[in-house]
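Hello,

Here is the structure I promised to hand over. Please open it first, then read my notes below.

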Amino acid sequence: MNTTSHEPTTKGKNSYTFEEFVEKRKNLDWYRDELFLQQAVKHFTGSEFISLHRAVLSFSPKVSSRWNRLAEQNARPEVRPYMVHYDAFNNRIDRIVRPMEMQQLEKEVFGEGLFSNKMRPWESFVKRMLIHQLGEAGVACPLTCTIGLIALLEEYPDENHPELQEILQHTKEGLEGDYAIGAQFMSEMQGGSDLPANVLEAVPDGKNYRLYGNKFFCSVAHADYSVVTAKITGSDKVSTFIVPSWMPGDKESEKRNGYQINRIKWKMGTAELPTGEIQYDGALAYPIGPVGKGIAVAVGIVLTLSRLEIGIACAGFMLRAARETKLYSDFRTVFGKKVKDYPLSARTLKRIENAAERTTAGAFKIYDLFLRLDRPLNPGIPKDQPLELRKQLFNLRELVLLQKICATNEGAEVLRDAISIFGGHGVMEEFSSLPRIFRDVVVNEQWEGPRNLLLTQIYRDIQRVADWYSPIEFVGSVLSGAPQEKVEHYAERLTDLLQKPVCGEISEESIMAAEEWDAFSDSFFKEYQQIALDELKKSTG
Ligand SMILES: Cc1cc2nc3c(=O)[nH]c(=O)nc-3n(C[C@H](O)[C@H](O)[C@H](O)COP(=O)(O)OP(=O)(O)OC[C@H]3O[C@@H](n4cnc5c(N)ncnc54)[C@H](O)[C@@H]3O)c2cc1C
């Protein structure tokens, strides 16, 4: 008997069941059953492929099944993180209460040692692309912030601060099996984009500093260490600091390092992740990186890595959306035909699949460039390297920004389309994880720089380097491999746009120019992704 039939039984009961779909989805393995992802891994990892493929094959069932179940449990509104500010003896503790399942998931994910020296970069990358398919799940942002913390510590080793070396060891390799979690607190009430407007004060205290003031968006408020931007007393320039959440020995007694968490924000998405508002009142902070260059350090290293990670996450979100819509549209029958057999549905499915593959191929290609470059992270636009290297570094910088805005924007479209393939069931939180991931992707679009800020940044960057890297050359280099007429088309459009008042004062002309710049950036980056996809498909047949 066809279990998907919706013929009523004689007793008026409805025998319709979703079981076939639910079972198939439950048994999906997000790597083994994702041939396209395997092809991408093969194309980009070359001689490493076989051993890497094996490692990911054995890792993937855990994400696809156990971690996915935990993520679903942690997403329930009744287990959202909340705060207990005081203990029974009137001590201020600011405990963030999270469900056991959340702590278990976090322990298992971080226990993978994804940032350890023993983990190969591509292996970590592919595993993270699978983990991101859980949605935020209370682990994606912590992983992302930890990557930035590690990069910062590695970029600026400091003999005067052995504590920083210990923090690095704790986050990368773990201490007795405990892997530390990082956070990054830059935004204040008056400015998230406008970081130079930071007013948090760092008061010198010997070789360290004491922080005073407020940070208004503090995700991963439960982290062990955070990267914090602040202005040193008397300076109008921002510097960067590392702040332990507890001083050694204080974690057990819940005595925080000179700060209070005023509250946890109630957010549209990433709800499992505690985003706090923090008041510093003398927190001990270790300085890191050049004094007064905090913006360049934060943007060039920490935020660049977060933005890169968001691109990888969006590829993961879209792969999942494509896989699950494909399955459902092959299960669900409407008016006597499967959903997938209607041209209107088929084109939506095709659009989702193309976006997922294009975004994935683009994310791999950008990461490939990242790995190929010696010291790919730079505070500010590179100045001192040989010209050719400088151009490659510039390409990477702009591709990371373009990917952040395009993949989050398209991610939201893809998730909405995917929800629509499921119809009414698509918006049911317990029926599918897609509504949750949809909300997460909208959050991803805002943090680490919203679209218009990054569009401005890209425009100004291209203008700023024009004397050593012409827009025409930049387009030719990024779109290398595209047909000549396409390269010429984009080069002409870019040259033309750079003459227009995209970032000028408000006028009919500047609004139109801004619209064109947005459309150009989107289409230019999609062209890059398409080249990546074509190369991948060509090489893997
Ligand atoms: C859920 C969540 C968690 C977060 N967690 C953290 C965290 O852990 N740490 C942290 O530091 N921050 C965090 N943030 C803050 C986030 O990074 C900021 O919200 C973001 O950078 C934007 O800053 P803003 O909210 O102040 O917006 P604004 O800077 O006020 O931006 C408002 C609008 O102005 C536009 N805009 C800004 N500058 C320009 C420009 N030059 N040209 C054109 N348009 C412009 C923006 O695109 C936007 O549309 C979090 C945000 C969210 C939503």
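Please keep in mind that this is a predicted model.

Start with the layout. The chain is divided into domain 1 (35–152), domain 2 (178–294) and domain 3 (295–540).

The largest pocket holds about 1,300 Å³ of space. Its lining counts 48 residues, and Gly192, Leu195, Val299, Leu303 and Arg307 are the closest to the centre. Several elements give two or more residues to this lining: α6 (140–155), β5 (208–219), α8 (294–331), α11 (434–446) and α12 (451–464). Domain 2 and domain 3 each supply at least three residues to the lining. What is the lining of the largest pocket made of, by class? There are 21 nonpolar, 16 polar and 11 charged residues.

Next, the interface. The C-alpha centres of domain 2 and domain 3 are 30 Å apart. In the contact, 18 residues come from domain 2 and 16 residues from domain 3. About 1,400 Å² is buried between these two domains, and carbon and sulfur atoms give 70% of that area. Which residues of domain 2 lose the most area to domain 3? They are Gln184, Met268 and Thr270, together 35% of what the domain 2 side buries.

Last, the charged contact. Between domain 2 and domain 3 the count is 1 salt bridge. Look also at Arg436 and Glu272: their side chains meet in a salt bridge, at 3.9 Å from N to O.

Best wishes

How values were computed. Residues are numbered from 1 along each chain as its sequence is written. This is a predicted model: local features need pLDDT of at least 70, side-chain atom pairs count only at pLDDT 80 or more; totals for chains, interfaces and linings use all residues. Side-chain values use heavy atoms; hydrogens and water are left out. On a 1 Å grid over the protein atoms alone, a cavity is a set of points where a 1.4 Å probe fits but cannot get out, and a pocket is an open set with protein on both sides within 12 Å along at least five of seven lines; lining residues have an atom within 4 Å of a point. Grid points are joined across faces, edges and corners, and a volume is the space filled by probe spheres set on the points. Helices (H or I, at least four residues) and strands (E, at least two) are DSSP runs, numbered from the N terminus. Ala, Val, Leu, Ile, Met, Phe, Trp, Tyr, Cys and Pro count as nonpolar, Asp, Glu, Lys and Arg as charged, and the others, Gly among them, as polar. Domain bounds come from an automatic or database domain assignment. Contact means heavy atoms within 4.5 Å. Buried area is the accessible area (1.4 Å probe) that two parts lose on being put together, summed over both. A salt bridge is a side-chain nitrogen of Lys or Arg within 4 Å of a carboxyl oxygen of Asp or Glu.
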